[in-house]
Structure formats: C-alpha cells, structure tokens
Amino acid sequence: MTTMEKKENDGVTQEDSVIVTVALDSSETGAFLAIDETREQVGSSAQEPQESNAAVDNEAIVAVSTKHQKKRVWCSDEQLKYLCKCFNKTPSPSMEHRQRIAEKINMDLEKVSRWFRYRRGGKNREDSETVSSAPEGQKEDSFTSDELWMLNAHYEKDKYPYRSTIEIIVKLLKCSYNKVYNWFRNQRRKDKKNGIVLSPKPNEKTKRTICDKLSTSSTAEEKKRRENGSSPDNSFESLHSRIIFRMKKLLVKLHAKLLEQLDEKLLEQQRKEHKELSDVMDNAKTQTSSLELMKVVFEGLKGKKGESFAETVMDCEAFFREGGLCCGKYFDCDPIQTCATCGDQFHPVCRDLGRRSNGGENQCPCRIRQAMLFKYRSTDIPLDPCATFLEKCVKNWVHTNRKIAIRVTTAENMEADFGEDFEAFYAKMKKNLPVQKIRNKMIFVFTDDDGDEILFFAMLANEYKDAAKSDLMTIRYLDSVSFINDGDLRTNVYNSVVLGYMGYTASIGYKKSHFWACPPDPKDSYLFRGRPAWQPVPTEKRLIKWYTTLLDLGKTRGVVAEYGRDYEGPQEKKLFKQIEHMICDGGYWNEIIGKKLFIETYGGSQPIQQHVLSDLRAEMTLKDKPIFYIDLISRIMIAIEELPSITSELTKTRDTWKKFLEDNELDFTYRETAKYATAFIIQTLIRELIATGQMADPHANSPAPECSSDSSPPTSSSS
Ligand SMILES: [Zn+2]
Ligand SMILES: [Zn+2]
Ligand SMILES: [Zn+2]
C-alpha cells in the first residue's frame, strides 16, 4: 500500500467516524451494538474543546445513525448474552441492579447503562407499540433545570407532541426517546390529576407549532413525508427547525447563567452575549436557504468562548452535515459550492484534501482529491544546519509523540528597512540613510494532524552582517496559529524554537539579540493569513510577560546569559552616530525617532540636532520599554553536518511571503483551510527548490499517483 492510498483510506475512516455510530440488530440472539467513540474536533467557528478526552462528556457525543451499519467489537458475546438476558427480564434495571450486572460481566457501569438506554431506544424504534407499555417510573437520570425549562415551554404549546417533535427534542437533549415521551405523558397525567382540563388531542388536520420560537412544517408536509417514508432530515424546514431549536437551547443556557451571575462586570458581558445571540437567532429564523442560515449561525457564534458555545457549534455542524452541506462546517474563506454533475454541496477544500473521497473508481469530480497537494511532505524539504540544530533542540526540550518538523530558508544580502517615518526624518535632516546588511532566516514549524500537516509556527529573524553590528541577531516576526490544542505543549514548542535559534546563532558567532514586544494588528497577522477565531491577539503586556518567561527559561537552558530592558549600547556625543547604534530593521528606536519624535513631537519639520539628541536620551532612560536586550551565552560551534542553506524567492522577506499567501488565498482561520494552505506551501516551495537545483525530486522515479485529478499545479484555494 503506498502512502498515497493509505491517506485516502484514512480520510474515509475519519469521515465515517465523525459521529458515534450505533447499530442495533433486531434479532434477539444476534443483538449487536457497536459504538465508535471517536470524536471530531470542533475546529472551526468557535472555541476548541480541550484535548484531554477525560474532559469530554461521552454522553454528549452520542448520536444515532442508521446509515452507517458498522460492526466494531464493543463487547464480547458472553457479555452481550448476559446483557440481553437481563434486558428481557428488566428493561430498565435500577442503578444497583446495573452495578451488579457491571461487576458480573466486568464492564464499566457507564457502558452498561448506555447499553440499556440504547437497547430501550432501539426497541422503541422497532415497534412503536412498546412506547405505551414502557415500564413505569424509570429511574433514569432526571432532567437539568435548563432542560426542564425547555420541556415545559414545549408542553405549554403542545401537550401531545408528534413523534418527529419528540425526536428533535431527543436529539437536542441527547437522551432516550422514552425519557422524553414519558416526561410528556407523566406531565399530562399530573395535570389531569390536578384537575387541569387538557385541550383534546388534536387530529392530523389541526395545525400546531412546536413552540413560538420555532417554525415547523405543516401537518400536510408531515403526512406526506411519512407516506414517502423519507427522513424529515432532508428538508430545509427540518434543518432550519433543528438549528433554531439548538440555538434556543443555547439561549436558555445563557439565560440561566445570567440569573446566577453575581459579578456586575461579568453580568454586563453576559447580557451583551445573550442579546447578540438572540439577535442571531432572530436573524436565523428569517433565513430561507441553508447556506445563508449556515452563515448567519456560524458568523454569530464565531470566536465565542465557553463549553456551551463549542457544543452548540458542534451540534449545528452535525445538523448541517446531516442536511447535506459537506462536512457541516463554515469556512468564510472557502464557500460551499454545488457540484454541477451530482448536485452535492461541498467545500473545495474538503474535496482537495480528500475528505470527500469514497475510494471508488468512478467518483464524481466533487469527490476527487487533489493528488498534487499531497505529493510532498514538509520533511521532503532539505534540512540546513539551522533546522538540524533546531530539530535537535526541540527533541531535547519537548517531550511529545507529535511529529514536529522544522525547516529554514535563508536570504543573503538583504538590507535593513527603517520604516517610512524614519526615512522621512533622514530626508528632512538631509542625511543619507545608513545601509545595514542582513541575512534573513525564515523558520517554519510543521506538525502532523490526523495524517495531514499543519504549519503552526513561523519566525523571521535578521542576522546582521555589517562590521558595526556583526554580533547582533534580532527576531523580527514571530507568529503562530494555535492548532495544537495542548497549550503547554504549544508554548514549549514556541519557546524551544526561539531559544534553539538563539543557541544556533551563538554557535555561529552572534553575541547579542533583541526583540521588541510589539503586538500584531488584530486584523492582520505577522506571518500567517488569518488566525483561528478562538486565538486571542496578544497585547503588549501579555507579550512582555511571555518574553520574560521565555528569557528566564533561556537562562536555565544555557542559552541566555543576561537580559534587560534598558539600552546598554554605546553613548555618543553626535546625534547620527548615536542613532546608527540604535536602529535596525523594523526596530523600536526607528519608530521612536521617526514617528514619536519627528512626526508627533516636531510635526514633521526640521528639528535642531541637539534637541533630538536630548529627547532621544530621555526616551532611553524610560523604564519598562517594550524591548528586550539579550546577551547570548557564547558557544563553541557544535559539529553540524556541512549542509547548504536553502534559498527561496517565496520566503525571502515578509512582503514576498505575505504576497504569496494573499495571491493564493491561503487562509489559516480554520483547521481544514490551514491544512490546505500548508500542503500548498510545501508543494510550491519544493517545486521551486527542484527547479533551482537545490534538491532532487524525491518522487522522480515513482509513477504518477492514480487518483490524480489534475496534474497541473494547484493555483488557488478555490480552483
Ligand atoms: Zn433569555
Ligand atoms: Zn466540508
Ligand atoms: Zn458531484
């Protein structure tokens, strides 16, 4: 099996295991239950769930599917036989009873409980007669107050809900059909006992609504659907009502939180959130197309934090997926398209990544993945001495099973850029701009993610080459997209790459480094294009804290000798001599001199040199400047294999790199689009390296992949 084929298969498995599949055989002896407990990550519009599976409420992820009749070994034949025997005697065993069963057959109590729950649910689906003869007073876990609030709201509107209505509630509350059915029945009994006159059970022709917040299909449609035997899931109306219902559930939750909140400030924020959400819901209610509905819902939930939002996103994604909208996720940078051949709705990114492939011979074009995207992996890019060193550092300092690959490109003979304001200042002073020669290093860190790769960290550094600054290295841009869910691991990788790079530069003769804690523009990224909605944009304060922790760690790791935030360089009597010690590519002092002093203080007119010098000295003595001056611990060059450096037009400067991302609409906002972008970057970079003779094609002698849809290079994310 080639790696190409393997990836294809992995893709299919992943697609199928997105939801937990439960298959129940109707024959008594062969009763079979399969539960596949893999779970797809939220990964798109809202906050990511925690990586730890322990934090995942298993119950919350169970969804029933009759489409995928998967056979997985979930329990042994003996266990199953015993469970069936017990079920025949007591379909709803008490907690103690279940505990005894669990001990007897050596199975988790949780698993046993779930088996009974689904067994009852399954019986119920097979034969509606059993519903009314369901055992009385089941000791199932009771409803939460939120759930009761919702049930009561429905009960007030509709005391005799249809099966389809109950099924929607079941999906939302993630409990058994019987539990909801019995709740309604018991409620009616209670009312009758208390002498409340119930409106008569309406007949088919009476139009009823599920609740005032919901739009529902008319009874005629309901009837037609039942006659056709088609699932109600296929209509827009059904999708719409499920989505609205789910949003309603979220609102109920938010409302309950409002009532509990005592902190005034948090209350204000939650009120705002509640208001925003109810506006989103009002907007969603008026939508008449699934794509527009999707947009309204996910734009509305975007970037919202907290478990209830993450769950809502996940549920809505499942509803949209079941409603036929590709993977159910929303990518504003990759809109869903309709296949001209089969009419399927799909994301081009999902097609290109092979998410839609079913491995068949004659697949519809909307299912054929872009084989070109997977021709090369990041590890096919040759290592240079710096990347070799960094990979060793990460291996030493980061303990993880994740694959981390680091590659570095170099651009020689670059010149420092001091910024427009600074240039204007020099022009006004009739001085020639100083020339500083630098070498750019672009560092890329990749990781594996379910068989795909994600570029999740990038750094651009300047190594000074001219005589005056030959011992200086500066970290110019440092950027990341947090697709590694484990925050500690993520931070440790970032720290290790930065400190590793400091160690590397020390080993080739650099003694000093500095960086400026300058937060990125919230609307732009330093080195990526787009960032996940849940990833906060760091503030200056946060950056300073992070750099401080990083540099302290650098001391214990034997990289940093000393660091501080005061200027310690030479003091000169002449202004321009002083300035030239301080400025560097994109430096802090260029901005102080060009923007703060020249533009803001002197209003862009020519100042007296001595004034500038004294103003500059005043700036230098300010405490807590957002700049770090670092002395590196000098190292003896560790023997590194004689590897040539890698050069690329693509990664030469931040501008060429950002233009490349822009031109190809590569976007790192969502996990899937980030994977596409990463694959695209790797393919393009390697083709450039092959074309410029820096590497041989690793697949030069292997036959072209069979599933290739398009042998020409990928040109854009929406191609
Ligand atoms: Zn409310
Ligand atoms: Zn998709
Ligand atoms: Zn198609």
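This is a predicted model: local features need pLDDT of at least 70, side-chain atom pairs count only at pLDDT 80 or more; totals for chains, interfaces and linings use all residues.
## Zinc held by four cysteines

Let's start with the zinc ion (ligand 3). Its protein donors are the SG atoms of Cys339, Cys342, Cys364 and Cys366, which lie 2.2 to 2.3 Å from the metal. The angles among these four donor atoms run from 104 to 114°, and the site is tetrahedral. If you look for the donors of ligand 3 along the chain, their spacing reads C-x2-C-x21-C-x1-C.

Cys339 has a relative accessible area of 7%, so it counts as buried, the limit being under 20%. Cys342, in turn, is partly exposed at 40% relative accessibility.

## Zinc held by two histidines

The zinc ion (ligand 1) is coordinated by ND1 of His255 and NE2 of His274, at 1.8 to 2.2 Å. This pair links distant parts of the chain: His255 belongs to helix 10 (residues 236–260) and His274 to helix 11 (residues 264–285), with the two histidines 19 residues apart. If you count only two donors here, keep in mind that water is not among the atoms, so sites may look incomplete.

His255 is partly exposed, with a relative accessible area of 38%, whereas His274 is buried at 18% relative accessibility.

Seven strands form an open sheet in the order 5-6-7-8-9-11-10, and their pairing is mixed. At the edges stand strand 5 (404–415) and strand 10 (560–564); each has a single partner strand, so one side of each is left without a neighbour in the sheet. From one strand to the next, the twist averages 25°.

Within the sheet, strand 9 (residues 512–516) and strand 11 (residues 627–632) run antiparallel and are joined by five bridges. Here you will find Lys512 opposite Asp631 in strand 11. Over at strand 5, helix 15 (residues 385–397) lies across that strand and strand 6 (437–449), running at about 145° to strand 5.

One last stop is Thr684, found in helix 23 (residues 671–691). Is Thr684 buried or exposed? Its relative accessible area is 17%, and because buried means under 20%, Thr684 counts as buried. Which residues does Thr684 contact, leaving aside its neighbours within four places in sequence? They are Leu650 and Phe660.

Conventions: Residues are numbered from 1 along each chain as its sequence is written. Chains are lettered from A and ligands numbered from 1 in the order in which they are written. Side-chain values use heavy atoms; hydrogens and water are left out. Donors are N, O and S atoms within 2.8 Å of the metal (3.2 Å for Na, K and Ca); water is not among the atoms, so sites may look incomplete. Helices (H or I, at least four residues) and strands (E, at least two) are DSSP runs, numbered from the N terminus. Buried means under 20% relative accessible area, exposed over 50%, partly exposed in between (1.4 Å probe, protein chains only). Contact means heavy atoms within 4.5 Å. Two strands pair if DSSP finds at least two bridges between them. Axes are lines fitted to C-alpha atoms, for helices over the stretch in contact, and angles run from 0 to 180 degrees between N-to-C directions. Four donors count as tetrahedral if all angles lie between 85 and 135 degrees; four count as square planar and six as octahedral if opposite donors are over 155 degrees apart and all others between 65 and 115; anything else is irregular.
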